[in-house]
Amino acid sequence: LGCGDGSLAIRTAAGEGPAVLLPASDGGVLDVAWSPDGQRVAAAHWDADARGWRRDGSGEPAVLRGHLDRVLSVAWSPDGGSLATAGRDGTARLWSADGAPLGRLEVAARAAMGARWSGDGRRVLVWSSDGVARVFWAHGEDHPLTFPAFGDAAAQARWSPDGRRIAVAGRGGAALFLADAALADAWLDGHVRGCMSVESRVAALGEDREAAEAAHAACEAGSR
């Protein structure tokens, strides 16, 4: 459990026994993630740091320090050897489990909202406040692929279990993309409100502008 005073409390799922209390930082906890082996826990903090502890609270925490504003998200790599953080400073950052910086991923947006590793640990998916999700190689090779969301922010993004697709959701809807190309695989409109913008239809669905404008107008007319 993350607490508003920056501390963490670890309890059994059944709520039995005393909680393990991990010391407070200078700001509240915004995200928490367990390592794959369940032996460590990491937290993203309001004070621009992330921290990693042993599950039993022993020893000093690993401090992931480098963001210039609050850290919004933290995630472990599949092998538990690295972490990815996303922050309000417009970057995602990669770290070793002991807090050493491994890389900086620029998203060209006001805030990087979250980050998740692919199942093979080779790529990192980052979604941001500019309405775009990006897939980076974890070791910095080449430029990221970009995947537009629908609305003014990408609210969430996730890998498929096989790593071949990503799902990106925004205020205007959600879509599935092929992870190795910025091409929409499916538009998910069964449970969303609002209509894709003309720009999003052109970018995500590959429609020409005339077709995108017609489809957008039809959607708007149907939602009234």
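These legends walk through several close-up views of the predicted model shown above. Residues are numbered from 1 along each chain as its sequence is written, and side-chain values use heavy atoms, with hydrogens and water left out. Because this is a predicted model, local features need pLDDT of at least 70 and side-chain atom pairs count only at pLDDT 80 or more, while totals for chains, interfaces and linings use all residues.

**View 1. Asp 49 and its salt-bridge partners.** Asp 47, Asp 49, Arg 51 and Arg 65 are linked in a network of salt bridges (a salt bridge is a side-chain nitrogen of Lys or Arg within 4 Å of a carboxyl oxygen of Asp or Glu). The structure holds seven salt bridges. Asp 49 meets Arg 51 with N and O 3.6 Å apart, and Asp 49 also bridges to Arg 65, where the closest N and O atoms are 2.9 Å apart. This second pair links distant parts of the chain, with Asp 49 in strand S5 (residues 49-54) and Arg 65 in strand S6 (residues 62-65), 16 residues apart. Helices (H or I, at least four residues) and strands (E, at least two) are DSSP runs, numbered from the N terminus. Which of these residues are buried and which are exposed? Asp 49 is buried at 6% relative accessibility, and Arg 51 is buried at 12%, whereas Arg 65 is exposed at 56%. Here buried means under 20% relative accessible area, exposed over 50%, and partly exposed in between (1.4 Å probe, protein chains only).

View 2. The side chains of Arg 209 and Glu 213 come together in a salt bridge, at 3.4 Å from N to O. Because the two residues are four apart in helix H2 (residues 209-223), about one helical turn separates Arg 209 from Glu 213. Arg 209 is partly exposed, with a relative accessible area of 44%, and Glu 213 is partly exposed at 39%.

**View 3. The largest nonpolar core.** In soluble globular proteins, nonpolar side chains tend to be buried together. The largest nonpolar core in this model has 15 residues, and those with the most contacts inside it are Leu 94, Leu 105, Trp 117, Val 124 and Val 126. A nonpolar core is a set of buried Ala, Val, Leu, Ile, Met, Phe, Trp, Tyr and Cys residues joined through side-chain atoms within 4.5 Å. Strands S8 (82-87), S9 (91-96), S11 (112-117) and S12 (123-128) each supply at least two residues of this core, and S11 gives the most, with three residues. Apart from this core lies another, of 12 residues, among them Trp 127, Ala 133, Val 168 and Ala 179. Leaving aside neighbours within four places in sequence, Val 124 has contacts that include Ala 84, Leu 94, Leu 105, Trp 117, Phe 136 and Trp 159 (contact means heavy atoms within 4.5 Å).

**View 4. The open sheet S7-S8-S9-S10.** Four strands form this open sheet, in the order S7-S8-S9-S10, with antiparallel pairing. The edge strands are S7 (71-76) and S10, and each pairs on one side only. Two strands pair if DSSP finds at least two bridges between them. Neighbouring strands of the sheet are turned by 20° against each other on average, direction ignored; the axes are lines fitted to C-alpha atoms, for helices over the stretch in contact, and angles run from 0 to 180 degrees between N-to-C directions.

View 5. Six of the six residues of S9 are buried. On one side sit Thr 91, Arg 93 and Trp 95, and on the other Ala 92, Leu 94 and Ser 96. Five bridges join S8 to S9, with Thr 85 opposite Arg 93 and Ala 86 opposite Ala 92. The S8-S9 hairpin has three residues between its strands, and Gly 90 takes a positive phi near 85°. S9 also pairs with S10 (residues 101-106) over five bridges, in the antiparallel sense, and Trp 95 has Pro 101 as its bridge partner there. In the S9-S10 hairpin, four residues lie between the strands, and Gly 99 in the turn has a positive phi of about 100°.

**View 6. Arg 164 in its loop.** Arg 164 is in the loop between strand S15 (154-159) and strand S16 (165-170). Arg 164 is exposed, at 54% relative accessibility. Leaving aside neighbours within four places in sequence, Arg 164 contacts Phe 177, Leu 178 and Ala 179. The C-alpha atoms of Arg 164 and Phe 177 are separated by 8.6 Å, and the two residues are 13 apart along the chain.
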